Amino acid sequence: MYLLWVCLRGRNNAAGCLVVQAMRREHVEDLYDSLVFVAFQATSTRLGRHRRVLIAHGVVQRLPQLLVADDVAAPEVFRVVVKEALQADEGRRWVRIRGLRFFPVTDALEPLQFEEALRAVTPEVRVAWALLHRAAFDRITVLRILQELGIPKAAAVLDAADAVPVDADQVFDPCAVRLAPDWETRSQRRRWLLALPLVLVAGCLAGWGFAPDSPEPVANQAPLTTIRDAAGLSAAPADQWQRTSKLDFGAWPARGELVQDNALHERLWQFWLRGENVTGAAGTTATAPAQRPSMLYAGRFADTLVAIVYDGSRIGRYVETAGSGSLRIERVDSADLMTSAAVVLNRSAAGTQYLLAPWIAAAAVRDLAVPAAASKSLSFEGGVTAAVPSGRAGCRSRIALELRSSPAVAEKHAFVLADLGDSIPAHLTYMPLPSRGAARSPREVLSADARRSWALHACGLDAWHNQGTRLVNSWSFAQQKLPTGGVARWTCVRVDGWSGQGKAAVRLELPKGPAQQVAAMTDTSSCGRFSQNVLAATVWRSPARENYVLAAGSRHVSQLSVQTNRGRETASSPLAFKLPAGTTPTAVRGKLDNGKPIDGVGVSP
């Protein structure tokens with residue numbers, strides 16, 4: 001049952017508050033989520049997400065008033081919703097909820113970046129895309145809906161919708177939102193309006209080069225170092241994470257027994273300003289900020305002092321032993337609930353200790369290399385965990401963190417982080433084999449299938465040690481029967497750095513033994529949100545010591561061709577053929593189901 005307190009403005013412009021039971025008719029109730037999704041895509045992006053969510057729900061909840069007959073076919077219901085949503089603008093306030101704002105359930109970066117691809121097209125194209133991918137109508141039905149709406153060049157709009165490289169389950173869902181209060185009261189707004197003339201006057205004076213109370217030019221005032229000695233940022237209140245719409249390091253409170261040590265604050269600040277023994281992670285500048293950072297933690301581990309600071313976009317880890325200090329700076333400007341969940345505090349012979357985010361309710365450790373092994377509880381006090389052992393030598397063991405967030409932010413949400421040598425552990429995700437319908441989205445490494453796949457790639461994580469890694473996703477993009485029996489999986493491991501640069505590695509998961517490396521790519525968008533098609537080939541040696549060429553592509557690769565020094569082998573994906581002696585594969589190419597060509601990777605002589 002969808003109930004929402006709203007104030008609706010009817011067609012007679014008489015405003016009135018009431019409780020709307022949105023879905024009175026059974027055939028509409030079943031479509032509610034899809035109707036809201038389509039209505040959201042029909043609204044103008046200039047309105048902002050909050051207003052678009054309100055309009056989408058408001059339009060759908062007005063359906064009982066808009067539909068004439070009690071038994072209406074689904075395409076007609078969607079047509080009415082699209083018509084009303086396309087007409088919505090800032091002047092027509094379908095829904096008003098005072099004092100509250102809508103926010104996504106989390107601020108994960110993935111849906112926001114997929115949404116950018118949709119913002120680049122027109123509302124009509126977004127509507128056609130949503131009708132195809134979320135409402136699951138066929139092209140003929142969608143074309144008829146567009147034509148009945150009077151949309152010009154409906155066929156071209158439909159073709160443009162087919163070209164949108166995003167699936168419906170990858171973008172923001174207007175039905176998956178939470179409410180948060182808008183704390184800016186009317187009196188606060190009035191105070192801002194009253195202060196506006198003074199701000200403008202001060203801004204004009206500053207623009208002319210003079211401070212308001214000084215006869216001398218600003219350039220002759222105090223130098224920049226004096227500005228840097230200002231109060232700076234402050235850590236968040238202890239309960240800020242329960243009230244904010246964005247969960248990242250800005251919602252962390254100050255913790256640790258030395259966090260109130262002002263002398264330590266000053267010593268660390270001056271250390272950063274001097275710049276000696278200050279290093280930046282890959283893609284991170286180590287230059288000191290213009291104001292003091294906030295102190296998130298300060299404490300001692302035996303004879304070592306450790307402090308964690310945050311300047312709004314970077315984390316600094318300061319370590320001081322026997323009077324000698326070092327400061328490591330790392331970017332965290334795209335952090336979310338998962339990637340801001342832990343920071344490395346101390347590494348010792350006993351293992352690694354982490355400082356956990358205040359929204360972490362439970363912690364455990366798991367050996368990625370042993371998929372059947374159960375997780376073991378990890379104790380923590382004041383956010384500081386017990387030491388996490390590094391695991392056995394070699395590739396026989398790879399210990400990772402398994403964290404569970406508080407129900408206050410995401411009910412029963414667990415995720416896995418791996419220490420890759422940086423101060424911020426990397427978030428591990430898994431994308432299963434494709435199925436019919438829309439492509440699947442990355443998910444947490446919790447299922448038996450995800451654990452089995454990651455067990456084959458855990459050892460390979462060392463390839464991205466100390467490189468500023470934010471996220472590592474293992475994507476099983478194809479499955480192939482081996483010529484001699486058994487099944488192999490094609491996987492692309494995508495590595496996203498905090499700097500925005502990406503790396504990828506295509507590997508073949510065999511029934512026995514480690515995954516076979518096929519290709520490695522650096523500074524690439526392959527296997528990511530902006531390049532979702534992949535094709536690869538490799539030479540596989542069977543247990544009988546015979547060589548075969550194996551090739552496969554992702555779900556949209558319909559045909560592939562392997563070129564050798566003696567000719568070409570062409571077939572649908574996947575492809576396998578025995579490699580005669582003296583034959584060398586040189587390249588693999590293919591075609592997508594839309595006819596576009598694609599170049600493959602891999603193939604060894």
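Strand β5 (residues 278-280) and strand β9 (residues 324-331) run parallel and are joined by three bridges. Strands here are DSSP runs of E with at least two residues, helices are runs of H or I with at least four, and both are numbered from the N terminus. Two strands count as paired if DSSP finds at least two bridges between them. Val 278 stands opposite Leu 327 of β9. Strands of a sheet pair through backbone hydrogen bonds, either parallel or antiparallel.

The model is predicted; local features need pLDDT of at least 70, side-chain atom pairs count only at pLDDT 80 or more, and totals for chains, interfaces and linings use all residues. Residues are numbered from 1 along each chain as its sequence is written, and side-chain values use heavy atoms, with hydrogens and water left out.

β5 and β9 belong to an open sheet of five strands. The order is β5-β9-β8-β7-β6, and the pairing is mixed. β5 and β6 (294-301) stand at the edges with a single partner strand each, so one side of each has no neighbour in the sheet. From one strand to the next, the twist averages 15°. Helix α12 (residues 262-274) lies across β5, β6, β7 (304-310), β8 (314-321) and β9. α12 runs at about 110° to β8. Axes are lines fitted to C-alpha atoms, for helices over the stretch in contact, and angles run from 0 to 180 degrees between N-to-C directions.

A second pairing involves β22 (residues 502-509) and β23 (residues 516-521), which are antiparallel over five bridges. Leu 508 stands opposite Gln 516 in β23. The two strands form a hairpin with six residues between them. In the turn, Gly 513 has a positive phi of about 85°.

Helices α7 (residues 123-133) and α9 (residues 154-162) pack at about 65°, with axes 8 Å apart. α7 is therefore roughly perpendicular to α9 (65 to 115 degrees). Contact (heavy atoms within 4.5 Å) involves residues including Trp 129 and Leu 132 of α7 and Val 157 and Leu 158 of α9.

The protein chain has a mean of 79, and 78% of its residues reach 70 or more. Confidence is lowest in helix α11 (residues 224-228), at a mean of 31, and highest in strand β15 (residues 384-385), at 97. Over residues 1-24 the pLDDT is below 50. Over residues 180-232 the pLDDT stays under 50. Where pLDDT is low, the predicted coordinates should not be read in detail.

Key. pLDDT is the predictor's confidence in each residue, from 0 to 100. Angles under 35 degrees count as roughly parallel, over 145 as roughly antiparallel, 65 to 115 as roughly perpendicular and the rest as oblique.
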